[in-house]
Amino acid sequence: MKFTSLRVPSTVALRQQTIRVNVIHCVVMGLAFAAAACLAEDPAWYTRRAMLRETFESAYAAAGRSARESSPEYGPWHVIAPFPNADGKGFETAYPPEREINLAAEYPGAGNRPIRWQRRDDFRDGAVNNLKIFETNDYVCAYLFREIVSPTAQALPVELGSDDTITIWLNGRRLLANRVARPCRLGDERLVLPLQPGTNSLLLKICQGNLWWGFAFAAQPGTPPLARVMALLRRDFPEQGAEIGLLEESLAQAERIEGLRSGLLKASRFATPEHAHRTEALLRTEDRDAADVTLRRVEALLTDLRNMKGSRDLSAEAQSIAELRRRCRETPLSDLTGRLSLYLDCCEVRRRIAFANPLLDFDRILFVKHKKNGRQELGGDHMAGQYYGIHATKGEGLFVL
């Protein structure tokens, strides 16, 4: 009888084979889960289209609509003051507004004088608001109240400032209490307001020592998440990094223009006719959005360069601007995608005109660089050339491009 030998794998070989199978399985499953996660993480407003520009315009406009639809509505500020704060005891004292919000009520205030709630339509978000508006303004406390109506439950990031102490309640729940003596600067306090669907009650308490007295509050809902849009574009169009960078820069400029135009961003103290070399650089009351501002400035740039000696023929750019002006008249502000496309086209024409400047006849640029920081005049609107040595920070210097 003939026996055929059988090769039985060793225990080690079986273990190695099992490990290889498990590794392959894990890799395959990991890729599948990663792909599913990418799809799951894409927001509802994002759809990849054939072209980068088309994808960007549709996604950014849709993100803006989504943000605005979920943006809260802010009621007017009401203030009641002054309550006593001798020896700083007002910070811990629970005066009547901490127990009830009754805008029609009257309470005994400092010196036992009756005080009532006042509606203040002059108090602005994003700005420092003066509270020294009462008969007694030293060693007293003020309460500020407003309603915030939210279409959905959401976490709302806000920034605040106070001179001096600050306590914050939302819907009766205390979120912050900071016993501090300081000047009022927006951004000294940052927190998230957990808004409920419907009407939310926001109450601030600002206790004052002496000298200046004020508060600041700012939230910026409704702004499309530019960083999120750009991350999705870089994922889906990895070979077009330079073009994405230009789009990102253009939209950052547009968001700054809108912030300045709406008052959410504070303009430079030099943004006035007496300091501006060209008044076209200033914002005007008739400017409705970034497209209006940019087109007006591009028209001024074209006129200026056409009058320069040695300038090339800019007839094609002039025709482009005329077409942009027509589109600007015919595209309503409600057409977010159309206004965005108009703005980006204005940026492209501006770039073509700027590089037609006959003075750009060199191949190297010498420039000074400094970082935007919080050192008062170095906050971004001051010359940089004199700040070196002990004032310099990493990354600053003299460069040749």
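View 1. At 27% relative accessibility, glutamate 98 counts as partly exposed (buried means under 20% relative accessible area, exposed over 50%, and partly exposed in between, using a 1.4 Å probe and protein chains only). This is a predicted model, so local features need pLDDT of at least 70 and side-chain atom pairs count only at pLDDT 80 or more, while totals for chains, interfaces and linings use all residues. Residues are numbered from 1 along each chain as its sequence is written, and side-chain values use heavy atoms, with hydrogens and water left out. Glutamate 98 meets lysine 205 in a salt bridge, 2.9 Å from N to O (that is, a side-chain nitrogen of Lys or Arg within 4 Å of a carboxyl oxygen of Asp or Glu). The pair links distant parts of the chain, 107 residues apart: glutamate 98 sits in the loop between β2 and β3, and lysine 205 in strand β12. Strands (E, at least two residues) and helices (H or I, at least four) are DSSP runs, numbered from the N terminus. Lysine 205 is buried, at 1%.

**View 2. Strands β8 and β11, side by side.** These two strands pair in the antiparallel sense over 7 bridges (pairing takes at least two DSSP bridges). Valine 158 stands opposite leucine 191 in β11. In a regular strand, side chains alternate between the two faces of the sheet. On β11, Glu189, Leu191, Leu193 and Leu195 make up the covered face, while Arg190, Val192 and Pro194 are on the uncovered one. Look for the salt bridge between glutamate 159 and arginine 190, at 3.1 Å from N to O. Glutamate 159 is in β8 and arginine 190 in β11, so the pair ties together parts 31 residues apart in sequence. Arginine 190 is exposed, at 60%, whereas glutamate 159 is partly exposed, at 28%.

**View 3. Threonine 55, tucked into helix α2.** Threonine 55 lies in α2 and is buried, with a relative accessible area of 0%. Beyond its neighbours within four places in sequence, its contacts include Tyr46, Leu233 and Phe237 (contact means heavy atoms within 4.5 Å).
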